[in-house]
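Me: I have a structure to look at and would like to learn how to read it. Please take me through its features step by step.

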Amino acid sequence: SYSVTGVQTCALPISSLLDRLKTGSIDAETLRGNLSRMNDRLLFLERFIDEMRSYSQATPAERRRERIVDVVNEEKSAVLDNLKSRSVETDSVTWSFDVPENVTAEIARHQIVAALIHILKNAFEAFDPGNSGPKKIDVRGRNVGEDVEIAVTDNGPGIAEDDLSDIRLFRPGTSTKMNQGGTGFGLPTASRYVSTHGGSLVIESEEGQGATVTISLPIDRGEDADEDPSVSDR
């Protein structure tokens, strides 16, 4: 089972509204505020359920050789569209993408795109809106031996050691002190998608020094790449 840290249900505000409606002691401003909070909680729960469903998905048996530059471009577009749909200001961040066109890997494309989306969103959301200093996100892809490495680096506030230890456990449905508004499924989902491809996800950070998240994927598909032990018994 999964726990939703910090999530409040709508039961209390609904009960309170019903009581106040019965007594006629509610005004328009109070009603508007309560409805707004309930809407926010329902949207969060909807996102939580969607991400829990994504986390539980098996890795498709069919994979194709993909250019990593195409995967990264798709990820970038999806993240920017998501942030803009939430009226999040993106112009203050400088983006840098360096992935040679000859870097390829055999992957289930939509899952690696999804993993990178979680990582890039986390990098963007790490920035303090009140910080007027330069904000940068660099995405680099390269061949390293028999693997492809995709590294996402930000110059944000970094991650405290205690939080970093918790994050590296990749426990689904839990949020750290630095990510109270998250569902707790983003990085666990990314890590799971990468590991079922026979790869790894590594997070490096120091408080005040930004963070780097590196995905390593085999260039060529291994014989046991179809196995997904986390869902085999479901």
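Me: At what angle do α3 and helix α4 pack, and how far apart are their axes?

Reply: Two packed helices are described by the angle between their axes and by the distance between those axes. In this predicted model, α3 and α4 (residues 109-125) pack at about 50 degrees, and their axes are 9 Å apart. An angle between 35 and 65 degrees counts as oblique, and α3 and α4 are therefore oblique to each other. The crossing of α3 past α4 is right-handed.

Me: Which residues of α3 and α4 meet?

Reply: On the α3 side they include Val71, Val72, Val79 and Leu83. On the α4 side, Ile112, Val113, Leu116 and Phe124 are among them.

Me: How many helices and strands does the chain have, and in what pattern do they follow each other?

Reply: The chain has 6 helices and 7 strands. Along the sequence they follow the pattern α-α-β-α-β-β-α-β-β-α-α-β-β.

Me: In what order do the strands of the open sheet lie?

Reply: Strands of a sheet pair through backbone hydrogen bonds, either parallel or antiparallel. Here 5 strands form an open sheet, ordered β2-β4-β5-β7-β6, with mixed pairing. At the edges are β2 (93-98) and β6 (200-205), each of which pairs on one side only. Neighbouring strands of this sheet are turned against each other by 15 degrees on average, direction ignored.

Me: How many bridges join β6 to β7?

Reply: There are 6, and β6 and β7 (residues 211-218) run antiparallel.

Me: Which strands does helix α3 lie across?

Reply: Helix α3 (residues 68-85) lies across β2, β4 (135-144) and β5 (147-154), and it runs at about 165 degrees to β2. Helix α6 (residues 186-195) also packs on the sheet, where it touches β6 and β7. The direction of α6 makes about 135 degrees with that of β6.

Me: Why is α6 described as largely enclosed by the rest of the structure?

Reply: Look at burial, residue by residue. In α6, 9 of the 10 residues are buried, so this helix is largely enclosed by the rest of the structure. Among the buried ones are Leu187, Arg192, Tyr193 and Val194. Across the 234 residues of the chain, 40% count as buried.

Me: Where is Phe170, and is it buried or exposed?

Reply: Phe170 sits in the loop between α5 (161-167) and α6. A relative accessible area under 20% counts as buried, and Phe170, with 18%, is buried. Its phi is near 55 degrees, a positive value in a residue other than glycine.

Me: What separates the C-alpha atoms of Arg63 and Ala108?

Reply: Their C-alpha atoms are separated by 4.7 Å, although Arg63 and Ala108 are 45 residues apart along the chain. Arg63 lies in the loop between α2 (28-56) and β1 (64-67), and it counts as buried at 8% relative accessibility. For the chain, residues 24 or more positions apart account for 73% of the contacts with a separation of 6 or more.

Me: What is the mean pLDDT of the chain, and where does pLDDT stay under 50?

Reply: The mean is 78, and 67% of the residues reach 70 or more. pLDDT stays under 50 over residues 1-8, for which the model has 17 contacts beyond four places in sequence. Under 50 also applies to residues 224-234, with 16 such contacts.

Conventions
Residues are numbered from 1 along each chain as its sequence is written. This is a predicted model: local features need pLDDT of at least 70, side-chain atom pairs count only at pLDDT 80 or more; totals for chains, interfaces and linings use all residues. Side-chain values use heavy atoms; hydrogens and water are left out. Two strands pair if DSSP finds at least two bridges between them. Helices (H or I, at least four residues) and strands (E, at least two) are DSSP runs, numbered from the N terminus. Axes are lines fitted to C-alpha atoms, for helices over the stretch in contact, and angles run from 0 to 180 degrees between N-to-C directions. Contact means heavy atoms within 4.5 Å. pLDDT is the predictor's confidence in each residue, from 0 to 100. Buried means under 20% relative accessible area, exposed over 50%, partly exposed in between (1.4 Å probe, protein chains only). Angles under 35 degrees count as roughly parallel, over 145 as roughly antiparallel, 65 to 115 as roughly perpendicular and the rest as oblique. A crossing is left-handed if the near helix is turned anticlockwise from the far one by less than a right angle, and right-handed if clockwise.
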